Amino acid sequence: MTDSNRRLDRRRILQLSAAGLAGLAGCGTGSQPATDSSGSDGGSGGSGSSDGGSGGSSTETSADGSSGSQMASSVTAWSWDVAAKSLDLIDDPYEEANGGDVTVEQFGRSNMKDKFKSRILSGSGAPAIATMESVDAAAWVDTGGLRDIGPWIEDAGVKDGFVSGKWGPLTKDGATYALPWDLGPVGMFYRNDVADEHGLDLESVETWDQFITEGEKLPDGTALMNLPPNDYDGIWRMMFRQLGGLPFTDSGAVNIHSEKSLQVARQMKRAHDAGITSSVASWSSEWFNRFAEGSIAGLYGGAWIEGTLKAEIGDTSGKWRVMKPPAYESGGNRATNWGGSNLVIADQVSDAKARRAFDYMQYALANEEMQLKMYREYGLFPAYKPAYESDAFDQGSEFLGGQAAGRMFAEIAPNIPSYTYTTDTPEITKAINSEFKKMISGDLSPKEAVDSAANQVAERTGRELA
Amino acid sequence: MRKQTRDEAIWRFLGYTFVLLVTLLMVVPIYWIIVASTLPEQAFLSAGTDIQLFPGSNFFANLEALQARESVDFIQSIWNSVFIAIVYTLLSLVLCSMGGFAFAKYEFRFKEPIFYAILATLTLPIQLLVIPLFLLISQMGLTNSYWAIILPWAANPLGIFLMRQNMKQIPDALLESARIDGATEFQLYYRIALPTMKSSLAALAIVLFLFQWNLFLFPLVVLNQGKYTIPVAINELVGAQRVYYDQIMVAAALSIIPLFLVFLFLQRHFVSGILAGSVKE
């Protein structure tokens, strides 16, 4: 650390005198707080700077001063919000058990993604560990900057422990680039007090049709479900996946105008026309306020959303319940997913750091106890199946009026149909959002909306239409 | 005759209407940011139903929420931005004016190709440069320093181009007579070229300041927390679970102030016509 700082200083002074602004020297580089910055930046500042490809065998004399199969003493992990806080929980027990030190740096989500992607593309300056949403997997793997940890996962024998639906996006051409963390089995959360007040019987609801019938009992101005105009795509994807729909065919053709997608579009339109929906931008404070005052009485969301609600509108604790998502027809599938993250290792870090990183990841994720810790504290729903056997999932949630929602979600999780994300997923998001806006406002029929969305995606990505 | 005045009046009316419209288009968003920053979030997000046109009293509450953020030190980021933009602008003004002077008033080998090469770099979008630049900066050991984003565009190609165009207007005769009076080449630049360029330097200063002020992707990649500039800090408020619109509005409103001061300071210097009558051709 001191060594790299000295080098840093010399270079800086050179730069400064060249610019003729030595007077401003005091305002240049500050101290670098994270050990990892010195590790990665120091690495690139030194002689072996151009190890853009595999930093695998490069043995930088960095803080760890180790090589071969030894583990670095410290690594840095990048994450956001609740995920970062969850990793913080693991830090102390890990240090006690395995002796390594992990520094968690917290970012805004989009900031972290942009920053991490640029740094793995440039082959320098990335942290050893980063959080990756499954949605982004295809794009991140494409950069070639992630380490194939498949062999290590094999060696550790943990692969079968995770929900099978998680692996799809994380593997490519026989390589595996991440260890699954959490997933978001979807439930229909609802305000039980509002339902009671207006005589709704949601517990016996099985299909979307019944759900709409119940919703119509609510007075004007009270919705049973929100369709956020900024995120029609999110609702569509949950409902589409529930039907086992896939956005692309096996051969890669765009298939978001399939019969299943059309079914979803019709369902959303029907709910809107029945007057049971509101249209509030999701994740805004109005969104939370409407849930808090009960004028939106239902929220279709991943299991983790309970934690969010608890944090944002804790006053409503005890008034909520959750049910499985309504099926399209009696007996139909009621399992789907929203969200889910994984941990990856940057390919550019030294072997020693990568080993430490994997050791930590295995400790945090392929580990019943730690997964449960994160589940209890922040509601991150583990993708690691052995955790489901814990009685933590049978415990009633105070926020949900004592309901043991965990067990319900644990039942849903293994039945979630798998789904594909590609680098073209953002195009689908855009197309669905813009065309469904027109559909909801009545300018397009559901059929026209899905067709035109599919055309738009095909046009922009150069893919075939299915 | 009468018809002509009527036509003139119509044109003038149309002209004023146009100017007024453009002004409105420019002022309304800024006004809206300021109003929104003083309202609780739900008050401006539900604007579709009842629009709040006047400031409320929630500014300090929003500001407090902003300052309570763990991962963003917004006040620090204002300082970062101000410092970086000022140092950058000054440094770049010097380099651009020197470069412009050389291209406008000296003959040297490969002058044209070099100039066009510099001009050609204008076509490279910043997004394309982020990764190579980051590599360069990190190999110089400058990651996470202010210099990391001051140096790369210090000799701004647009600035060099503008300065060259402007300095071409300086009469050669003026420089010749100064030479005869015994001025050194540096004095020609410093004593004659620079003072006559005051207004264009002020205009360029604004362009450069804004350029640096608005940079997003490169600072995000190259700087760490604590060194973030304003755009990066604002983007930190887009969380995974929630978008903090109220705090974003306060942050945006606050970030206008330094820009406003810069304009106020520089507009005094938009004086033209200093050269008028300096030589008799």
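This is a predicted model: local features need pLDDT of at least 70, side-chain atom pairs count only at pLDDT 80 or more; totals for chains, interfaces and linings use all residues.

Mentor: Within chain B, helix α4 (residues 74–105) has the highest mean pLDDT among the elements, 94, whereas helix α2 (residues 41–45) of chain B has the lowest, 71. Chain B as a whole averages a pLDDT of 86, with 92% of its residues scoring at least 70. The crossing of α4(B) past α11(B) is right-handed. On the α4(B) side, the residues that meet α11(B) include S81(B), V82(B), A85(B), Y88(B), T89(B), S92(B), L93(B) and C96(B). Their counterparts in α11(B) include L201(B), L204(B), A205(B), L208(B), F209(B) and W213(B). An α-helix has 3.6 residues a turn, so residues three or four places apart point the same way.

L188(B) has a relative accessible area of 0% and is buried. Its contacts beyond four places in sequence are F101(B), L175(B), A178(B), R179(B), A183(B) and A193(B). One of these, A178(B), is 10 residues away in sequence, and the two C-alpha atoms are 7.2 Å apart.

Most residues other than glycine have a negative phi. F110(B) has a positive phi, near 60°, and is not a glycine. With a relative accessibility of 57%, F110(B) counts as exposed. N144(B), also not a glycine, has a positive phi of about 60°. It lies in the loop between α6 (126–139) and α7 (147–150) of chain B. N144(B) is buried, at a relative accessible area of 3%.

Chain A supplies the wider context. It has 17 helices and 14 strands, and 60% of its 466 residues count as buried. Of its contacts with a separation of 6 or more, 74% join residues 24 or more positions apart. The mean pLDDT of chain A is 84, and 85% of its residues reach 70 or more. Confidence in chain A is lowest in helix α2 (residues 35–45) of chain A, with a mean of 36, and highest in strand β6 (residues 179–180) of chain A, at 96. Over residues 1–68 of chain A, pLDDT stays under 50, and the model has 104 contacts beyond four places in sequence for that stretch.

Two strand residues of chain A illustrate its buried part. N226(A) belongs to strand β9 (residues 225–226) of chain A and, at 5% relative accessibility, is buried. Its side chain makes a polar contact with the side chain of S278(A) at 2.8 Å. The side chain of N226(A) also reaches the backbone nitrogen of V280(A) at 2.9 Å. Beyond four places in sequence, the contacts of N226(A) include I235(A), S279(A), W287(A), I296(A) and G298(A). W287(A) is one of the buried residues of helix α11 (residues 285–293) of chain A, among them also S285(A), E286(A), F288(A), R290(A) and F291(A). G294(A) follows α11(A) and has a positive phi, near 85°.

The other strand residue, S341(A), is in strand β13 (residues 341–345) of chain A. S341(A) is buried, with a relative accessible area of 9%. Beyond four places in sequence, S341(A) is in contact with residues including W80(A), T131(A), E133(A), K166(A), P180(A) and D182(A).

Terms used
Residues are numbered from 1 along each chain as its sequence is written. Chains are lettered from A and ligands numbered from 1 in the order in which they are written. Side-chain values use heavy atoms; hydrogens and water are left out. Helices (H or I, at least four residues) and strands (E, at least two) are DSSP runs, numbered from the N terminus. Buried means under 20% relative accessible area, exposed over 50%, partly exposed in between (1.4 Å probe, protein chains only). A polar contact is a pair of N or O atoms within 3.5 Å; within protein, one must be able to donate a hydrogen and the other to accept it, and residues adjacent in sequence count only if both atoms are side-chain atoms. Contact means heavy atoms within 4.5 Å. pLDDT is the predictor's confidence in each residue, from 0 to 100. A crossing is left-handed if the near helix is turned anticlockwise from the far one by less than a right angle, and right-handed if clockwise.
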